[in-house]
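Here's a quick briefing to read alongside the model on your screen. Take a look at the fold first, then work through the points below.

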Amino acid sequence: MATNWEKLISIFKIRDLRKKIFFVLGMLVLFRVAAHIPVPGVDVEALRQFFAGNQFFGLLDIFSGGGLSNFSLVMLGVGPYITASIVFQLLTMIIPRLEELAKEGESGRQKINQWTRYLTVPLALLQTYSTINLLNRGGRMIITDVSPLNIATIVLTVTAGTLFLMWIGELISEKGIGNGVSLIIFAGIVARIPGDIIRTFKVFDTSQMINLVVFLGIAILVIGGIVFVTEGQRNIPVAYAKRVRGMRMYGGTSTHLPLRVNQAGVIPIIFALSIMLFPGMVANFLVGSGVAWLSHLAQSIANLFQNQIFYGSLYFVMVILFTYFYTAVTFNPPQIAENIQKQGGFVPGIRPGRATAEYLHKVLNRITLAGAFFLGFVAILPFIAQSLTKIQTLTIGGTGILIVVSVVLETMKQIRAQMQMRDYDAF
């Protein structure tokens, strides 16, 4: 049996697979270079001090790979594109015309993707302008030049950076391995780890040893839990009756339908975070309104979203809701039941058709509940871990770990599938 090292070498012996891997690495390097190019007119030192004392924005900075704390060309990451995708997924469930397009196959999906890209532009413009207003609020002058020309330059530049990342993500998905958007977020999270470790040991003293050990213990348990839940699944047995066609007999086999505990993957956390950014973003945009009641309302909403207890609680609930929502979008029990019936299959002890669909729906709801609460716990883990350990320099937390582990597992599955297609031993 081949060793892991031999299997790793065998990956690079496959020309097409090797080209895809190097293409993905090249695109991610390009993203990291862009994340270190700051836009003009920004006080970088004041910006870093602001992020050091703001946990919420520190969490957002994770998803931009440090681009937000550098106020770089790609400071928004792929956030506006994700938000636009969420909007169209919701509209697909509401508007019949969009639902018909989604069912038309590749041509329909391409049309929806095109509209998603169009919506990304105004969202990026709005989010950039709102971020500028928020950073310069309360007497802070992080943006030193607030002339209309410079503000317009920053807004247009950052919007172009978001579209650039969106393009890179789509290229990776089309020509590389894995999901491009997920890999960009993954690269941003991993890129922060060395810096966080260095900052931790710069301010480290022996009195923090117990807290550091507790933090590492929590991290190990979370990684183990994420792998366990991500790989966990409920197998629904499916039997196929024997059928005689001509002189041959078909069927008579048994297989299973896998229902994963975390059917939605990391998407609910990304969706929840993107949606939660929107009210605060709009509120900060309207704080400077000349209408007194509107300005007061916007200020109240902005302050509410900076409250960690409120933010953490809402974040937890949103993750659970989006877990059920995305699971319902990606897994359709009536359609699955219909496909099983058309192929001559049935779940032992369950009548085909509607009864099978109800059974699948019932089982899926039960296992999704466990997966949803696990994702919700992982989402708010940074707040829990930092309150217990008092270590503010390690901010990746459960959300980042979940994304990293999930992306690695999914990418390795795709590499394994590529190798199996070429008769190589898989991992």
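Two residues are in contact when they have heavy atoms within 4.5 Å of each other. Take the contacts in the protein chain between residues at least 6 apart in sequence: 73% of them join residues at least 24 apart. Keep in mind that this is a predicted model, where local features need pLDDT of at least 70, side-chain atom pairs count only at pLDDT 80 or more, and totals for chains, interfaces and linings use all residues. Residues are numbered from 1 along each chain as its sequence is written, and side-chain values use heavy atoms, with hydrogens and water left out.

**The chain as a whole**

- You'll find 16 helices and 5 strands in the protein chain; helices (H or I, at least four residues) and strands (E, at least two) are DSSP runs, numbered from the N terminus.
- Of the 427 residues in the protein chain, 45% are buried (buried is under 20% relative accessible area, exposed is over 50%, and partly exposed is in between, with a 1.4 Å probe and protein chains only).

- Two packed helices are described by the angle between their axes and the distance between the axes.
- Here, axes are lines fitted to C-alpha atoms, for helices over the stretch in contact, and angles run from 0 to 180 degrees between N-to-C directions.
- The axes of H7 (residues 106–135) and H8 (residues 148–175) come within 9 Å and cross at roughly 135 degrees.
- H7 and H8 are therefore oblique to each other (under 35 degrees is roughly parallel, over 145 roughly antiparallel, 65 to 115 roughly perpendicular, and the rest oblique).
- The contact of H5 with H7 has 10 nonpolar, 6 polar and no charged residues.

**A three-stranded sheet**

- 3 strands make an open sheet in the order S4-S1-S5, with antiparallel pairing; two strands pair if DSSP finds at least two bridges between them.
- S4 (254–260) and S5 (345–346) are at the edges with a single partner strand each, so one side of each has no neighbour in the sheet.
- S1 (residues 233–240) pairs with S4 over 7 bridges, and Asn235 stands opposite Pro258 in S4.
- S1 and S5 pair over 2 bridges; Ala239 has Phe346 in S5 as its bridge partner.

**Zooming in on Leu375**

- Leu375 is in helix H15 (residues 354–389) and counts as buried, at 0% relative accessibility.
- Leu375 and Phe316 are 59 residues apart in sequence, yet 8.2 Å apart in space, C-alpha to C-alpha.
- Leaving aside neighbours within four places in sequence, Leu375 is in contact with residues including Asn262, Pro268, Val319 and Leu402.

Key: Nonpolar A, V, L, I, M, F, W, Y, C, P; charged D, E, K, R; others polar.
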